[in-house]
Amino acid sequence: MSRDQRRVVRELVDAHGRTYAEEAGIRLKDTPQPLYRLLVLAHLLSARISGSIAVAAARALGEAGLRDPRRMADADWQERVDALGRGGYRRYDERTATQLGEAAELLTERWGGDLRRLREEADGDVSEVRRLLQEFPGVGPTGADIFLREAQLVWPEAAPYLDRKALQGAERLGLPGDPERLVALARSTEPAVLAAALVRAAVDKEVGRDTLERAG
């Protein structure tokens with residue numbers, strides 16, 4: 001574990017250490033509404049669309065009052081489409097609007113609108129949480145990974161959760177591919193913050209290039 005690698009991680013986190021939930025205006029807590037908004041954000045981020053557009057769409061849904069599964073399910077389909085459109089999420093807006101309504105209904109009917117009940121059903125098994133998350137329409141393996149990557153901030157049993165995309169960022173920066181070693185390099189940085197920074201390095205070559213230049 002070299003000083004150079006620690007410096008790379010420090011520079012990366014200093015410049016890009018912000019969770020996607022924070023960027024979307026979600027104050028993540030282990031309570032129903034923030035967890036639901038994170039699920040919606042993970043759904044949006046998992047599409048082949050830029051992260052900034054997905055974040056903007058999540059913000060637009062929140063601003064439209066669609067912050068909990070009951071309101072999402074009760075909203076008119078066109079209302080969901082319009083909110084996604086205001087966030088620039090136009091390529092997948094109609095299909096996504098349908099999936100968001102269906103997912104909200106499933107969450108309400110099966111887990112009482114509370115993702116903590118899904119967590120309880122998994123009984124501490126993170127792989128089971130990941131599987132259950134994929135029962136929501138529109139949430140596949142990538143969406144489940146995004147959710148857990150961010151949720152580890154309030155669901156510590158998931159930490160350190162550095163998924164394939166985060167590890168791609170580590171590879172781009174010449175860092176270890178082992179989550180435990182990466183967390184050790186980041187020292188006191190929350191794993192969720194580290195993961196978000198690494199993902200930004202994976203999806204944006206400029207982030208990686210700038211980080212390595214500043215690390216010298």
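Are Tyr89 and Tyr92 buried or exposed? Both Tyr89 and Tyr92 are buried, where buried denotes under 20% relative accessible area, exposed over 50%, and partly exposed the range in between (1.4 Å probe, protein chains only). The model is a predicted one, in which local features require pLDDT of at least 70 and side-chain atom pairs count only at pLDDT 80 or more, whereas totals for chains, interfaces and linings use all residues. Residues are numbered from 1 along each chain as its sequence is written, and side-chain values rest on heavy atoms, with hydrogens and water left out.

Three aromatic pairs are present in the structure; rings of Phe, Tyr and Trp (its six-membered ring) pair if their centres lie within 6.5 Å, and planes under 30 degrees apart count as stacked, over 60 as edge-to-face and the rest as tilted. In one of these, Tyr89 and Tyr92 form a tilted arrangement, with 6.4 Å from centre to centre and 55° between the planes. Trp111 and Phe136 likewise form a tilted pair, at 5.6 Å centre to centre and 55° between the planes. Because Trp111 lies in helix H7 and Phe136 in the loop between H9 and H10, this pair ties together parts that are 25 residues apart in sequence. Helices (H or I, at least four residues) and strands (E, at least two) are DSSP runs, numbered from the N terminus. Trp111 counts as buried at 2% relative accessibility, and Phe136 counts as buried at 1%.

Helix H7 (residues 93-111) also packs with helix H8 (residues 115-122): their axes come within 9 Å and cross at roughly 60°. This angle makes H7 oblique to H8, given that angles under 35 degrees count as roughly parallel, over 145 as roughly antiparallel, 65 to 115 as roughly perpendicular and the rest as oblique. Axes are lines fitted to C-alpha atoms, for helices over the stretch in contact, and angles run from 0 to 180 degrees between N-to-C directions. On the H7 side, Leu107, Arg110 and Trp111 meet Leu115, Arg117, Leu118 and Glu121 of H8, with contact meaning heavy atoms within 4.5 Å.

Arg119 is likewise found in helix H8 and counts as buried at 19% relative accessibility. Leaving aside residues up to four places away in sequence, Arg119 touches Asp30, Gly124, Val129, Val154, Trp155, Pro156 and Glu157. In helix H9, by comparison, is Arg131, which at 41% relative accessibility counts as partly exposed. The C-alpha atoms of Arg131 and Leu45 are separated by 18 Å, the two residues being 86 apart along the chain.

Helix H10 (residues 141-151) is mostly covered, with nine of its 11 residues buried. Among the buried residues are Asp145, Arg149 and Glu150, as well as Ile146, Phe147 and Leu148. The elements that cover them include helix H2 (20-23), helix H3 (32-45), H8, helix H9 (126-133), helix H11 (164-172) and helix H13 (191-203).

Several backbone features occur in loops. Most residues other than glycine have a negative phi, and most peptide bonds are trans. Asp123, although not a glycine, has a positive phi of about 55°; Asp123 is found in the loop between H8 and H9 and counts as exposed at 69% relative accessibility. Arg187 also has a positive phi of about 55°, is found in the loop between helix H12 (179-186) and H13, and counts as exposed at 60%. A cis peptide bond, with omega about -5°, joins Ala159 and Pro160, and Pro160 lies in the loop between H10 and H11.
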